[in-house]
Amino acid sequence: MSGMSIENHAIIGDLRTTALIALNGTIDFLCWPRFDSPSIFASLLEPEAGAFELAPVLEGGRSTQFYIPDTNVLLTRLLSHEGVSEISDFMTPAPQDPEQRLVRRAKAVRGNVRFRMRCAPRFDYARVGHEAYMLTDYIVLFQQAGTAHPALRLCSTVPLRIENGAAVAEFELAANDTATFILDGVTTVHNIALEDHWSAEAFKATTTYWRDWVGRSTYHGRWYEQITRSTLALKLLTSAEHGSMVAAATFGLPEDPGGVRNWDYRYCWIRDASFMVYAFMKTGHKEEATAFIRWLHERRMEAQPGEARLRVLYGIDGRKITTETDLEHFAGYRDSRPVRIGNLAEEQLQLDIIGEVMDAIYHADDYCERLSTEAWKAVTEGIDWLCLSWNQPDESIWEVRGGRRHFLYSRLMCWVAFDRAIRLAERRALPGRIAVWVRERDAIYRDIHENFWNAEGQYFVQYKGGDMIDAACLLMPLMGFIGDHDPRWQSTLKAVGDSLVDDSHVYRYHVVLGDNEDGLTGLEGTFTMCSFWYVECLARSGDLLQARFLFEKMLSYANHVGLFSEEIGPAGEHLGNFPQAFTHLALIRAGQYLNRALTQHEKSN
């Protein structure tokens, strides 16, 4: 087990899956062969759940880790007076290589350096045993029973041996010498690592792939490096095969260390992915936005007759997620149990997702490709269903487990759904029951202002009949529901600042120790996504100086390679699944808006 905290990790991937690599060079989280496949390495969550260790044997020293600029190729160094080592890690991207390969290359930068390698997979979330065999000059590892997991092969340029079911090696490199390890499927009968120049060429090709992808970006403003790193992180969370996007790379990383708020985010949440579409479009990556919109329409077309809404979440291939299972043999990250796989949020009613989808469709129709006739028909069916369904309680954006309520955020996004459908129909002269949609949109507008407004506190409340404020209200001006300078919004923004803001951090709502209204026990950190929403709201309200100050403070909470998890804890530690797509897309949006606003302000002065 690497023993590393969440923030002491970087991520690599191939647009099929991702691997987390700790500062000490250990791959302690990898699901194979897909994002939502069972794990083969999960020592981040359980010491005996598998790891791929590769590290120099050096006394003292310090570790550094960084990406080659504009790529997802990672370098991990240990700098010691005895010598300097470097490990390069990457996965060959799916569009470039039909075979799935994880490549690790150790190098002695200065002095003679001794290394140790141990590749110890544990199949099916460490629920089944495995066998290891030496075949000629590589090792094959496969599970003994259980689900049919593809066999793994470890190729190497140095001699390997088997110890207790793990592939191990000890070797010494002189300055500038390298050793390569390749983990892949058993697709050939020879050791690919021994092919002349294979690893060097794969390294160059992968670096070029990512730089070419970044080169298609249209964003060149302030905070270019941070926004580019965020787009690279989002790209790693997309499926090249399906066009879907996962909410995060991991499962089970806690929002409250030692607590029960531990979820599986390796699926495609319609809400999160719809916001990702906007982030990709605004940075010039139309191909990714278009691929997801097409995947989305496929899901809608698969709906049964009369089923006019999308599911909350899907597997990356569009399958239904039907279970939520506790891995009782997992100790959990810092004793955070239960460790869950699957997600019962799929069974919830979250009316807001229709608004996020319609906003994405509306913008994609303008920026990417026009809606087809069949896709528009599916859209109209969904909006007609919403006419009869918006005025009911649900679980909404935070997926509460304490019962359904009439949430402000869901009302807001239902308004967005009608508004975007009306605009799209009128812009394209598309058929629809527009008069009915207008009636329902206006009814929601009145409902929000009449039933969700706290006259005494002068703010919009989290749910009808309550008095709690919720940071999800920050989407009200961002979605165009209310003006940036509307007195009601200005007083609500002040209430958010007074009640939920801690320095530059924003809590999503008040959580107390003990039983909470969201149906869960324990505390949680600040939601980094909400912190970036708050920055954009401040900028829109005209307080550019404070918005920039808070934005740049938030950027300082990124980890050493520019990545964010879901939340930030009281000591600045990262909490929740990692890296979190929602956080990075909110960063992109806030940074781009703030950049435009600052530029316009400079020009006007």
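Arg222 and Glu602 form a salt bridge in which the closest N and O atoms are 2.8 Å apart; a salt bridge here is a side-chain nitrogen of Lys or Arg within 4 Å of a carboxyl oxygen of Asp or Glu. Arg222 lies in the loop between helix H2 (198-215) and H3, and Glu602 lies in helix H14, so the pair ties together parts that are 380 residues apart in sequence. The model is predicted: local features need pLDDT of at least 70 and side-chain atom pairs count only at pLDDT 80 or more, while totals for chains, interfaces and linings use all residues. Residues are numbered from 1 along each chain as its sequence is written, and side-chain values use heavy atoms, with hydrogens and water left out.

**Salt bridges**
- Side chains of opposite charge can pair when their charged atoms come close.
- The structure holds 49 salt bridges.
- Arg222 is buried at 19% relative accessibility, whereas Glu602 is partly exposed at 48% (buried means under 20% relative accessible area, exposed over 50%, partly exposed in between, with a 1.4 Å probe and protein chains only).
- Arg266 forms a salt bridge with Asp264, with 2.8 Å between the closest N and O atoms, and both residues are buried.
- Salt bridges that share partners join Asp359, Asp419, Arg420, Arg423, Arg441 and Asp442 into one network.

**Cavity and pocket**
- On a 1 Å grid over the protein atoms alone, a cavity is a set of points where a 1.4 Å probe fits but cannot get out, and a pocket is an open set with protein on both sides within 12 Å along at least five of seven lines; lining residues have an atom within 4 Å of a point.
- The largest cavity holds about 330 Å³ of space, and of its 26 lining residues the closest to the centre are Tyr265, Ile397, Trp398, Glu399 and Glu566.
- Helix H4 (270-282) and helix H14 (581-604) each supply at least two residues of that cavity's lining.
- The largest pocket holds about 380 Å³ of space and is lined by 16 residues, among them Glu225 and Gln226.
- Helix H3 gives the most to the lining of the largest pocket, with 6 residues.

**A three-stranded sheet**
- An open sheet is formed by 3 strands in the order E25-E26-E27, with antiparallel pairing (strands pair if DSSP finds at least two bridges between them; helices, H or I of at least four residues, and strands, E of at least two, are DSSP runs numbered from the N terminus).
- Strands E25 (526-527) and E27 (574-575) stand at the edges with a single partner strand each, so one side of each is left without a neighbour in the sheet.
- Glu567 has Leu575 in E27 as its bridge partner.

Terms used. Points joined across faces, edges and corners; volume = space filled by probe spheres on them.
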